[in-house]
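Let's take a walk through the inside of this protein. Have the model open beside you as you read.

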Amino acid sequence: MKYFSDRLRGDAADWHSDYIDHAADKEDYDAWEKAIISRFLTETEIENLKKQLNELKQMPDQSTQTYVSRLNHLYDIIHGKEIVLDETIAPPEAVVLARSLRKIRGEAKQKILLKGLLPKIVQAVWTRINVNSHYEDVCEIVYAAETIVNRMEQNEEKSLKATIAGISAHEDEQDVELQRQKKKLSQLEKLAGLNIEQRP
């Protein structure tokens with residue numbers, strides 16, 4: 001708590017100061033987290049946010065970056081922002097705790113991320129991640145997978161357009177040939193009509 005309490009402003013800073021003055025264990029992050037959430041969010045609001053997070057899905061017209069940003073935002077509101085330490089000066093136990101929390105948070109967010117991605121993107125992601133991939137790495141893979149999927153769709157669209165253009169050109173050729181055949185038939189009919197009229 002002491003590593004990020006200076007980031008609090010306004011009512012939150014006042015609340016934190018009061019909390020620290022009266023806390024039995026000033027180092028118990030879990031108790032502090034529950035207290036600040038219960039102070040600033042009602043239980044119903046938290047449950048609604050948890051439901052939103054659990055049901056979060058990428059929309060068809062939504063970029064993966066926007067989806068990931070929304071996921072991170074909801075997660076941070078519910079569980080608080082990640083503690084970032086300067087590992088060169090932080091005590092070893094704080095570093096170990098921060099790494100452990102980062103891993104737990106990452107695993108939870110990764111499950112939500114993969115569950116909510118568009119099927120075409122998640123399919124490309126699964127072929128590129130491994131069991132030990134960190135959340136940040138998975139996010140980068142997701143962004144790359146989106147690019148790959150978009151390029152594949154563009155290539156498919158170009159191929160389809162080329163096929164349609166080829167079919168159209170072939171139909172045009174057939175139309176020209178049909179017109180030529182009709183003209184030839186018409187000429188033959190005229191000649192045949194002349195031949196019939198000329199016979200006695």
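## The second largest pocket

The second largest pocket holds about 350 Å³ of space. Here a pocket is an open set of points on a 1 Å grid over the protein atoms alone, where a 1.4 Å probe fits, with protein on both sides within 12 Å along at least five of seven lines; lining residues have an atom within 4 Å of a point. The volume is the space filled by probe spheres set on the points, which are joined across faces, edges and corners. This is a predicted model, where local features need pLDDT of at least 70 and side-chain atom pairs 80 or more, while totals for chains, interfaces and linings use all residues. Residues are numbered from 1 along each chain, and side-chain values use heavy atoms, without hydrogens and water.

Among the 19 lining residues, Glu 107, Gln 110, Ser 133, His 134 and Tyr 135 are closest to the centre. Both α5 (92-116) and α7 (135-198) give two or more residues to this lining, and α5 gives the most, with 9. Helices here are DSSP runs (H or I, at least four residues), numbered from the N terminus.

## The nonpolar cores

Turn now to the largest nonpolar core, a set of 27 residues in which Leu 71, Leu 113, Leu 117 and Val 125 touch the most other members. Such a core joins buried Ala, Val, Leu, Ile, Met, Phe, Trp, Tyr and Cys residues through side-chain atoms within 4.5 Å; buried means under 20% relative accessible area with a 1.4 Å probe, protein chains only. The helix α7 gives the most to this core, with 8 residues.

A second, separate core has 15 residues, including Trp 32 and Val 95.

Terms used
Buried < 20%, exposed > 50% of the residue type's maximum accessible area, 1.4 Å probe, protein only.
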